[in-house]
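Open the model in your viewer and keep the selection panel at hand. The stops below say what to select and what to look for at each one.

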Amino acid sequence: MDNKIVETKIPPIRNGTVIDHIANGQSLNVLKILGVNEHNIDSVISIGMHVPSSKTGWKDVIKVEDRELDPSKVGKIALIAPDATISIIRDYYVAEKFRVNLDDHIVGLAKCSNPNCITNRGEPVVPEFHVEVRNPPKLRCVYCDRILTNISDNLL
Ligand SMILES: Nc1ncnc2c1ncn2[C@@H]1O[C@H](COP(=O)(O)OP(=O)(O)OP(=O)(O)O)[C@@H](O)[C@H]1O
Ligand SMILES: [Mg+2]
Ligand SMILES: [Zn+2]
(Lines give C-alpha, C1' and ligand atoms only; values in the text may rest on other atoms or scores of the structure.)
(Ligands and ions follow the chains in the order given, each with its own letter.)
Protein backbone atom coordinates (compact mmCIF):
# COMPACT_ATOMS: atom_id res chain seq x y z
CA MET A 1 0.00 0.00 0.00
CA ASP A 2 1.42 3.38 -0.89
CA ASN A 3 1.04 6.28 1.43
CA LYS A 4 -0.49 8.75 -0.98
CA ILE A 5 -2.84 11.07 0.84
CA VAL A 6 -6.08 11.77 -0.98
CA GLU A 7 -7.54 15.01 0.26
CA THR A 8 -11.21 15.67 -0.14
CA LYS A 9 -11.77 19.17 1.13
CA ILE A 10 -15.51 19.25 0.46
CA PRO A 11 -17.76 16.20 0.80
CA PRO A 12 -19.47 14.92 -2.38
CA ILE A 13 -23.15 15.58 -2.85
CA ARG A 14 -25.83 13.33 -4.30
CA ASN A 15 -27.97 16.05 -5.88
CA GLY A 16 -27.46 19.77 -6.16
CA THR A 17 -25.31 22.47 -7.70
CA VAL A 18 -21.57 23.10 -7.70
CA ILE A 19 -20.30 26.59 -8.45
CA ASP A 20 -16.60 26.16 -9.12
CA HIS A 21 -13.76 28.42 -10.29
CA ILE A 22 -15.20 31.37 -8.36
CA ALA A 23 -12.69 34.23 -8.30
CA ASN A 24 -10.65 34.02 -5.11
CA GLY A 25 -12.45 35.85 -2.30
CA GLN A 26 -15.85 36.11 -4.01
CA SER A 27 -17.65 33.11 -2.48
CA LEU A 28 -19.49 35.13 0.18
CA ASN A 29 -20.74 37.52 -2.49
CA VAL A 30 -21.92 34.53 -4.54
CA LEU A 31 -23.66 33.19 -1.45
CA LYS A 32 -25.43 36.53 -1.11
CA ILE A 33 -26.63 36.19 -4.71
CA LEU A 34 -27.96 32.70 -3.96
CA GLY A 35 -30.05 34.34 -1.25
CA VAL A 36 -30.00 31.37 1.08
CA ASN A 37 -30.79 31.89 4.74
CA GLU A 38 -32.08 30.02 7.78
CA HIS A 39 -35.68 30.29 6.58
CA ASN A 40 -35.49 29.17 2.97
CA ILE A 41 -33.12 26.22 2.89
CA ASP A 42 -32.91 22.95 4.75
CA SER A 43 -29.99 21.29 3.00
CA VAL A 44 -26.22 21.44 3.27
CA ILE A 45 -24.08 24.20 1.77
CA SER A 46 -20.31 23.70 1.69
CA ILE A 47 -17.96 26.56 0.90
CA GLY A 48 -14.33 26.24 -0.01
CA MET A 49 -12.51 29.53 0.38
CA HIS A 50 -9.02 30.01 -0.93
CA VAL A 51 -8.54 26.50 -2.25
CA PRO A 52 -5.76 25.66 -4.72
CA SER A 53 -6.65 25.81 -8.40
CA SER A 54 -4.54 24.43 -11.21
CA LYS A 55 -5.70 27.27 -13.46
CA THR A 56 -5.47 30.46 -11.43
CA GLY A 57 -3.58 29.69 -8.25
CA TRP A 58 -6.46 30.12 -5.83
CA LYS A 59 -10.21 29.96 -6.16
CA ASP A 60 -13.42 29.64 -4.17
CA VAL A 61 -16.03 26.91 -4.64
CA ILE A 62 -19.61 26.44 -3.35
CA LYS A 63 -21.62 23.23 -3.26
CA VAL A 64 -25.33 23.42 -2.52
CA GLU A 65 -27.36 20.28 -1.98
CA ASP A 66 -30.83 19.79 -3.44
CA ARG A 67 -30.92 23.06 -5.33
CA GLU A 68 -30.67 24.20 -8.94
CA LEU A 69 -30.08 27.82 -9.92
CA ASP A 70 -32.37 30.20 -11.75
CA PRO A 71 -30.93 32.12 -14.74
CA SER A 72 -31.00 35.64 -13.23
CA LYS A 73 -28.80 34.41 -10.38
CA VAL A 74 -26.38 32.89 -12.88
CA GLY A 75 -26.20 36.27 -14.69
CA LYS A 76 -25.33 38.02 -11.44
CA ILE A 77 -22.67 35.44 -10.58
CA ALA A 78 -21.03 36.21 -13.95
CA LEU A 79 -20.69 39.86 -12.86
CA ILE A 80 -18.46 38.99 -9.92
CA ALA A 81 -16.98 35.64 -11.00
CA PRO A 82 -16.83 35.51 -14.82
CA ASP A 83 -14.81 32.27 -14.88
CA ALA A 84 -17.23 30.35 -12.66
CA THR A 85 -18.62 27.03 -13.85
CA ILE A 86 -21.98 25.67 -12.77
CA SER A 87 -22.38 21.92 -12.51
CA ILE A 88 -25.69 20.25 -11.81
CA ILE A 89 -25.10 17.06 -9.84
CA ARG A 90 -27.64 14.26 -10.08
CA ASP A 91 -27.06 10.96 -8.31
CA TYR A 92 -23.42 11.94 -7.65
CA TYR A 93 -22.58 12.59 -11.31
CA VAL A 94 -22.19 15.82 -13.27
CA ALA A 95 -25.45 15.81 -15.25
CA GLU A 96 -24.98 19.28 -16.75
CA LYS A 97 -22.10 21.72 -16.72
CA PHE A 98 -21.72 25.20 -18.17
CA ARG A 99 -19.69 28.31 -17.70
CA VAL A 100 -21.43 31.49 -16.60
CA ASN A 101 -21.85 33.97 -19.43
CA LEU A 102 -20.98 37.65 -19.16
CA ASP A 103 -22.87 39.58 -21.86
CA ASP A 104 -21.42 42.82 -23.31
CA HIS A 105 -24.49 44.65 -22.06
CA ILE A 106 -25.97 44.16 -18.61
CA VAL A 107 -29.60 45.15 -18.21
CA GLY A 108 -31.48 45.12 -14.93
CA LEU A 109 -29.03 43.10 -12.83
CA ALA A 110 -27.27 45.93 -10.97
CA LYS A 111 -28.00 49.55 -10.10
CA CYS A 112 -25.81 52.55 -10.81
CA SER A 113 -23.79 53.85 -7.85
CA ASN A 114 -24.26 57.49 -8.91
CA PRO A 115 -27.18 58.93 -6.86
CA ASN A 116 -27.76 61.58 -9.53
CA CYS A 117 -28.02 59.07 -12.37
CA ILE A 118 -31.37 59.10 -14.19
CA THR A 119 -31.76 55.45 -13.15
CA ASN A 120 -31.82 56.51 -9.48
CA ARG A 121 -34.32 59.38 -9.78
CA GLY A 122 -37.62 57.57 -9.66
CA GLU A 123 -37.98 57.51 -13.44
CA PRO A 124 -39.00 54.25 -15.10
CA VAL A 125 -35.50 53.68 -16.50
CA VAL A 126 -33.93 50.24 -16.15
CA PRO A 127 -30.23 50.44 -15.25
CA GLU A 128 -27.94 49.33 -18.03
CA PHE A 129 -24.18 48.90 -18.23
CA HIS A 130 -21.57 48.28 -20.85
CA VAL A 131 -18.88 45.77 -19.90
CA GLU A 132 -15.59 47.66 -20.34
CA VAL A 133 -13.26 45.05 -18.87
CA ARG A 134 -14.25 41.41 -18.64
CA ASN A 135 -12.07 40.04 -15.85
CA PRO A 136 -12.34 41.27 -13.21
CA PRO A 137 -15.45 42.90 -14.65
CA LYS A 138 -15.62 46.65 -14.94
CA LEU A 139 -19.05 48.06 -15.83
CA ARG A 140 -19.84 51.52 -17.22
CA CYS A 141 -23.34 52.99 -16.84
CA VAL A 142 -24.74 53.76 -20.30
CA TYR A 143 -26.69 56.76 -18.89
CA CYS A 144 -24.14 58.65 -16.75
CA ASP A 145 -20.87 57.00 -17.87
CA ARG A 146 -19.82 56.25 -14.31
CA ILE A 147 -17.84 53.09 -13.58
CA LEU A 148 -19.68 50.89 -11.08
CA THR A 149 -17.24 50.77 -8.19
CA ASN A 150 -18.58 47.94 -6.06
CA ILE A 151 -20.56 45.49 -8.17
CA SER A 152 -21.57 43.06 -5.41
CA ASP A 153 -23.02 45.86 -3.27
CA ASN A 154 -25.12 47.14 -6.16
CA LEU A 155 -26.74 43.95 -7.41
CA LEU A 156 -30.51 44.10 -7.74
N1 LIG B 1 -20.86 14.22 -6.54
C2 LIG B 1 -20.25 15.41 -6.48
N3 LIG B 1 -20.34 16.13 -5.35
C4 LIG B 1 -19.78 17.33 -5.25
N5 LIG B 1 -19.11 17.93 -6.22
C6 LIG B 1 -18.97 17.27 -7.40
C7 LIG B 1 -19.52 15.99 -7.58
N8 LIG B 1 -19.22 15.59 -8.86
C9 LIG B 1 -18.49 16.58 -9.41
N10 LIG B 1 -18.34 17.61 -8.55
C11 LIG B 1 -17.70 18.90 -8.79
O12 LIG B 1 -18.33 19.48 -9.92
C13 LIG B 1 -17.40 20.23 -10.67
C14 LIG B 1 -17.39 19.77 -12.10
O15 LIG B 1 -16.99 18.43 -12.14
P16 LIG B 1 -15.92 17.94 -13.23
O17 LIG B 1 -15.78 16.47 -13.07
O18 LIG B 1 -16.31 18.49 -14.56
O19 LIG B 1 -14.63 18.67 -12.66
P20 LIG B 1 -13.20 18.91 -13.28
O21 LIG B 1 -12.84 17.73 -14.15
O22 LIG B 1 -12.33 19.25 -12.14
O23 LIG B 1 -13.43 20.13 -14.25
P24 LIG B 1 -12.95 21.63 -14.16
O25 LIG B 1 -12.04 21.83 -15.31
O26 LIG B 1 -14.22 22.44 -14.31
O27 LIG B 1 -12.27 21.87 -12.84
C28 LIG B 1 -16.07 20.10 -9.96
O29 LIG B 1 -15.96 21.22 -9.08
C30 LIG B 1 -16.23 18.84 -9.15
O31 LIG B 1 -15.45 18.88 -7.97
MG1 LIG C 1 -11.48 20.84 -11.26
ZN1 LIG D 1 -25.57 55.86 -14.05
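Select ligand 1 and Asp20: a polar side-chain atom of Asp20 is 2.6 Å from an oxygen atom of the ligand, a polar contact (a pair of N or O atoms within 3.5 Å; within protein, one must be able to donate a hydrogen and the other to accept it, and residues adjacent in sequence count only if both atoms are side-chain atoms). On its own, ligand 1 has 620 Å² of accessible area, and the protein covers 63% of that (Shrake-Rupley method, 1.4 Å probe; for residues, only the protein chains shown count as cover).

This is a predicted model, in which local features need pLDDT of at least 70, side-chain atom pairs count only at pLDDT 80 or more, and totals for chains, interfaces and linings use all residues. Residues are numbered from 1 along each chain as its sequence is written, chains are lettered from A and ligands numbered from 1 in the order in which they are written, and side-chain values use heavy atoms, with hydrogens and water left out.

Next, show the residues around ligand 1, among them Pro12, Lys55, Ser87 and Tyr92; each has a heavy atom within 4 Å of the ligand. Which element gives the largest share of this shell? Strand β1 does, with three residues.

Move to Val64, in strand β3 (residues 57–65); helices (H or I, at least four residues) and strands (E, at least two) are DSSP runs, numbered from the N terminus. Val64 is buried, with a relative accessible area of 4% (buried is under 20%, exposed over 50%, partly exposed in between; 1.4 Å probe, protein chains only). Beyond its neighbours within four places in sequence, Val64 is in contact with residues including Ile13, Leu34, Ile41 and Val44 (contact: heavy atoms within 4.5 Å). Val18 is 46 residues from Val64 along the chain, and their C-alpha atoms are 6.4 Å apart.

Now select helix α2 (residues 71–80): seven of its ten residues are buried, so the helix is largely enclosed by the rest of the structure. Val74 and Ile80 are among the buried residues. Their cover includes β1 (16–23), α1 (27–34) and β5 (93–99).

Finish with residues 106–150, which an unreviewed UniProt entry annotates as "domain: Aspartate carbamoyltransferase regulatory subunit C-terminal". Over this stretch the chain is 0% helix and 31% strand, with the end C-alpha atoms 15 Å apart.

Key: UniProt positions renumbered as here; feature names shortened; annotations may be inferred.
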